[in-house]
Amino acid sequence: MSKAFIEIEGLKKYFDLGNHRILKAVNDVSFSIQKGETLGLVGESGCGKSTAGRTIIRLYEPTAGSISIDGADVAKLSKSKLKAYRSKMQMVFQDPYASLNPRMTVLDIVGEALDIHGLAGSKAGRKRRVEELLEMVGLNAEHASRYPHEFSGGQRQRIGITRALAVNPQFMICDEPISALDVSIQAQIINLLIDLQKKMGLTYLFIAHDLSMVKYMSDRVAVMYLGKIVEMARSEDLYSNPQHPYTRALLSAIPVPDPDVEENKERIVLKGDLPSPVSPPSGCPFRTRCPLATEKCAAEVPLFRETRPNHYAACHYA
Amino acid sequence: MKSTQAAKKKLLDVQNLSVSFDVYAGEVQAIRDVSFQIEEGEAVAIVGESGSGKSVTAQTIMRLIQMPPGRIKNGKVLLDGQDLLALSEKEMQKVRGNKIGMIFQDPMTSLNPTMTVGKQIMEGLLQHQKLSANEAKERVIELLRLVGIPNPETRLKQYPHQFSGGMRQRVVIAIALACNPSLLIADEPTTALDVTIQAQILNLMKELQQKMNTSIILITHDLGIVADICDRVIVMYAGQVVETGTKREIFNNPQHPYTKGLLKSLPRLDQAKDEPLIPIFGTPPDLIKPPQGCGFCDRCDEAMRVCETEVPDYTILSDTQSVRCWLQHPYAKQAGSSGSKEASV
């Protein structure tokens, strides 16, 4: 795993809640992504997956750890130096209704990115580039003069993707890019993302909770629980041979749109809720809900180790 | 949940229901000529994308549509033979929460933050049943235990903010079940919850349905949930019912191009990455100006000329499956078998 395109090492993001309470949203996360690869990041709400994405792109200041993109550590760069790297990494947000400024035309929403990075050139050149980008994502050049409210959810998400693409990024973080969209539209966006990846050699960090979509999209998948990665493997391995009891429960909990599978499935229903990340359990974070938990799990933090070739899990019994 | 005996009693009969909303831009025809039946003890899913009219259908059954701007243009909603649309508001209040219970999507906003959980469950009980305060309290404890909330005696004195999302949804279910309703309408009951919590709630609903023989209308866009807990499926598109059938008919033998498209646009767990998803192109029509013909016509690969001008009628395919599509018309089948299908695309 040497010289990966993206290398995240010991990343931590703590939020100080006051009264000496510290929320450890991302707690010592490490992974790497090769160029042109898609890493899926899954977990329940509150597990820290979105915070991890936002910290990597430096929307949040990391508490500790290193973030290296193409060999350069961006974790400690100052704001002004960071700008050069911003064009390498871009983000597609979850809610296409909230992430576009309603008072700007599409031309300005996408053009703003060009302006900031000085890629626009002349006014006519800026317009031409925006129109070219719009056509690349399956919209029309005429759409440039319209406002966000004139578009449907799927089209808005295409505009969000256009804005991210405008600065020729190499790495894109997609934070739940389809969860606000209708089922019949989701496939359009997923196909577009895969298409763009093939054409432009993009590297993706794909954050989602829809496990069947993540499996389809990703080469490798990492599962997060309470701020830590508990399992990571190639997506086929993870789905066919999950090692961590949490992954097993998560996989069995997803209803599959096939009555034959559903009726014969042995569902592992976890008891209770996600513990608070302010006071996580001692030892293994999952032990309070784990059907296999023993005394050892309360005493010792399980190591994140290779349990099978290229398959990592943090469980004493994996 | 198995669909067992054939001759079950019809509980709910929705006939030719049309509801519109008068807004500034014109008349939004939210549902158009919707008919379906629910039998006793069966779980039926209504699926469709946002704006397809599934929630409006549920709210019309409960008479929760605000009028104006809403307007019930036509149709009947018969519950045990009684037309709910003809009842006065006072009579309707005896039905709501008593004969029909409702579970809403978001447990964070459907509970009153200023009332204890026990009081909120008791409210319906005292309204509909002649119980003393003590009897009502006993019943609340029993209900909380039924929906799997530990320490009900202390929990009933707590406020909603002291409960997690999954626990709050259990409270909402307890409220809906308080008076043993014969019909339970669940509008996206697990959309706001995480998958592991969703599994708990779905298990609970299945268990309760078996125990109490309640009919369930489950509104959802998640076909996985449908495959998990429903007996029958109603597919809605652009304000109309386009296909109905048993779960197996819909998943294994869908006949409407929209239903087929919906199933194909979902990735299967065994789908390879180089095998692309097949999306449905385009977007649903604007219901201020609903299409003259079939609502799905613009997005349909197999649309013919007749689809643009005439709304298709239901074609009965089996005792349980019917579909609203011109391709099922005997003439289209003749044309299709003589090989002219390509010409009509």
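**View 1. Where chain B meets chain A.** Here 37 residues of chain B are in contact with 32 residues of chain A, contact meaning that two C-beta atoms, placed from the backbone, lie within 7 Å. On chain B's side, helix 7, helix 8 (223-229), helix 9 (247-252) and helix 10 (257-264) each bring at least two residues. Helix 7 of chain B gives the largest share, seven residues. Sorted by class, this side of chain B has 17 nonpolar, 13 polar and seven charged residues; Ala, Val, Leu, Ile, Met, Phe, Trp, Tyr, Cys and Pro count as nonpolar, Asp, Glu, Lys and Arg as charged, and the others, Gly among them, as polar.

A quick note before the other views: this is a predicted model, where local features need pLDDT of at least 70, side-chain atom pairs count only at pLDDT 80 or more, and totals for chains, interfaces and linings use all residues. Residues are numbered from 1 along each chain as its sequence is written, while chains are lettered from A and ligands numbered from 1 in the order in which they are written.

**View 2. An open sheet in chain B.** Four strands line up in the order 2-1-4-5, with antiparallel pairing. Strand 2 and strand 5 (82-83) of chain B are at the edges with a single partner strand each, so one side of each has no neighbour in the sheet. Strands (E, at least two residues) and helices (H or I, at least four) are DSSP runs numbered from the N terminus, and two strands pair if DSSP finds at least two bridges between them. Strands 1 and 2 of chain B share nine bridges; B:Val19, for one, has B:Ile31 in strand 2 as its bridge partner.

**View 3. The loop with B:Tyr24.** B:Tyr24 sits in the loop between strand 1 (10-23) and strand 2 (26-39) of chain B.

**View 4. Helix 6 of chain B under cover.** Helix 6 (residues 165-177) has 13 residues and reaches 18 Å from its first C-alpha to its last, close to the expected 18 Å, which is 1.5 Å times one less than its number of residues. In helix 6 of chain B, 12 of the 13 residues are buried, including B:Met167, B:Val171 and B:Ile175. Among the elements covering them are strand 6 (100-103), helix 3 (117-128) and helix 4 (133-146) of chain B.

Methods
Buried ≥ 20, exposed ≤ 12 C-beta atoms within 10 Å, placed from the backbone.
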